[in-house]
Amino acid sequence: MNAPLNHSPEAAEKARILAEALPYIQQFHGKSIVVKFGGNAMTDDDLKADFARDVVLLKLVGINPVVVHGGGPQIEEMLTRLGKKGEFVQGMRVTDLEILDIVEMVLGKVNKEVVELINQAGGKAVGLTGQDGGSIRAKKMLLPAKENGAVDLGQVGEIESIDPAVIEALEKGGFIPVIAPIGTGADGTTYNINADLVAGKLAEILKAEKLVVLTNMPGVLDKNGKLLTGLTPRRIDDLVAKGVISGGMLPKIGSALDAARNGVKSVHIIDGRVPHALLLEVLTDQGVGTLIRSK
């Protein structure tokens, strides 16, 4: 009888990981997963390529990824090039008509790039904004001020409704929707919408199995920099009240909470700086960020 060949430890580890993915593939087969694409994963060429391959792999094993992207770093770069300075209030970009033109231009460019990356990786991606098919209806967002009144952010919108018909048709046709967060008001006004809010609301409407948010952070951290995970809506409310969660993390947490409270089984805020972070979070036992459970 011939002695068995000595396979390399690397090959054995790859086989173990593939076997580990099977129950997750079975569990999520046919389900939608909404992914907010942002942070370093959007600006580093290697991480962008990793992300595109991850999305294609998920689609090929029968999971339906829906990508929502922002464009914060690229918008800031363009504003700097034009001698303008971005302004934020409670993590939201103040957007006048001139800034809106820049935002639309940059988001359009980012959208085409993400679509092409996924297509180059072997997928079939289609780029959309919330204006396509009237899928995202919005109204002007007014943030509550610390004193009486409200803060007007300009052409920044909050979501009134999402019609998922176009997205669902693309999913059924084997396509991967890639969505830029632009919506339209009832009067035809164009609004810039925070991408985290679009991703969260879309996950609710699609009854997605998961919402995965890629960031430049390990996840949600406490005041000592320790990663927090296994969070519940009640625990998050407490962390916000104590000021542990603030700034740009507020929209992410707000959309995550709404999604968790409205039918999305789990929300993951993960470190997009980790290669193949999406696959690690969805198809392995190793999480790479903060898990927020619905209960």
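The model is predicted. Its open sheet has seven strands in the order 5-8-2-1-11-14-15. The largest pocket has a volume of about 640 Å³. The whole structure also holds two cavities of 30 Å³ or more.

**The sheet**

- The pairing in the seven-stranded open sheet is mixed.
- Strand 5 and strand 15 are the edge strands, and each pairs on one side only.
- From one strand to the next, the twist averages 20 degrees.
- Strand 11 and strand 14 run parallel and are joined by six bridges.
- Val 212 has His 268 as its bridge partner in strand 14.

**Strand 8**

- Strand 8 spans residues 176–180.
- Five of its five residues are buried, so strand 8 is largely enclosed by the rest of the structure.
- Both faces of strand 8 are covered.
- Ile 176, Val 178 and Ala 180 are buried on one side, and Pro 177 and Ile 179 are buried on the other.
- Strand 5 (residues 125–129) runs parallel to strand 8, with five bridges between them.
- Ala 125 finds its bridge partner in Ile 176 of strand 8.
- Strand 2 (residues 64–69) also runs parallel to strand 8, and two bridges join them.
- Val 67 is the bridge partner of Val 178 in strand 8.

**Helix 6**

- Eight of the 11 residues of helix 6 are buried, so this helix is largely enclosed by the rest of the structure.
- The buried residues of helix 6 are Ala 195, Asp 196, Val 198, Ala 199, Gly 200, Leu 202, Ala 203 and Glu 204.
- Asn 194 caps the N-terminal end of helix 6.
- A side-chain oxygen of Asn 194 lies 2.8 Å from the backbone nitrogen of Asp 196.

**The largest pocket**

- Helix 3 supplies the largest share, four residues.
- The lining of the largest pocket divides into 13 nonpolar, 12 polar and five charged residues.

**The second largest pocket**

- The second largest pocket has a volume of about 330 Å³.
- It is lined by 19 residues, of which Lys 210, Ser 266, His 268, Glu 281 and Leu 291 are the closest to its centre.
- Helix 1 (9–28), strand 14 (266–271), helix 9 (277–283) and strand 15 (289–293) each give two or more residues to this lining.
- Strand 15 gives the most, with four residues.
- Four residues of the lining of the second largest pocket are nonpolar, nine are polar and six are charged.

**The cavities**

- The largest cavity holds about 50 Å³ of space.
- Among the residues that line the largest cavity are Ala 41, Leu 47, Phe 51, Leu 214 and His 276.
- Helix 2 (45–60) and helix 9 each supply at least two residues of the lining of the largest cavity.
- The largest share, four residues, comes from helix 2.
- By class, the lining of the largest cavity has seven nonpolar, two polar and two charged residues.
- The second largest cavity holds about 40 Å³ of space.
- Leu 128, Thr 129, Gly 130, Ser 135, Ile 136, Ile 167 and Ile 179 line the second largest cavity.
- That lining has four nonpolar residues, three polar residues and no charged residues.

- Thr 129 sits in strand 5.
- Its relative accessible area is 21%, and Thr 129 is partly exposed, because buried means under 20%.
- Thr 129 and Asn 111 are 18 residues apart in sequence, and their C-alpha atoms are 8.8 Å apart in space.
- Thr 284 sits in the loop between helix 9 and strand 15.
- Thr 284 counts as buried, at 11% relative accessibility.
- The side chain of Thr 284 reaches the backbone oxygen of Leu 280 at 2.6 Å.

Terms used: Residues numbered from 1 in each chain as written. Predicted model: local features only at pLDDT ≥ 70, side-chain atom pairs only at ≥ 80, totals over all residues. Heavy atoms only, no water. Buried < 20%, exposed > 50% of the residue type's maximum accessible area, 1.4 Å probe, protein only. Pairing = 2+ DSSP bridges. 1 Å grid on protein atoms, 1.4 Å probe; cavity = no way out; pocket = protein on both sides within 12 Å on 5 of 7 lines; lining within 4 Å. Points joined across faces, edges and corners; volume = space filled by probe spheres on them. Nonpolar A, V, L, I, M, F, W, Y, C, P; charged D, E, K, R; others polar. Polar contact = N/O pair within 3.5 Å; in protein donor to acceptor, adjacent residues only side chain to side chain. Axes fitted to C-alpha atoms, helices over the stretch in contact; angles between N-to-C directions.
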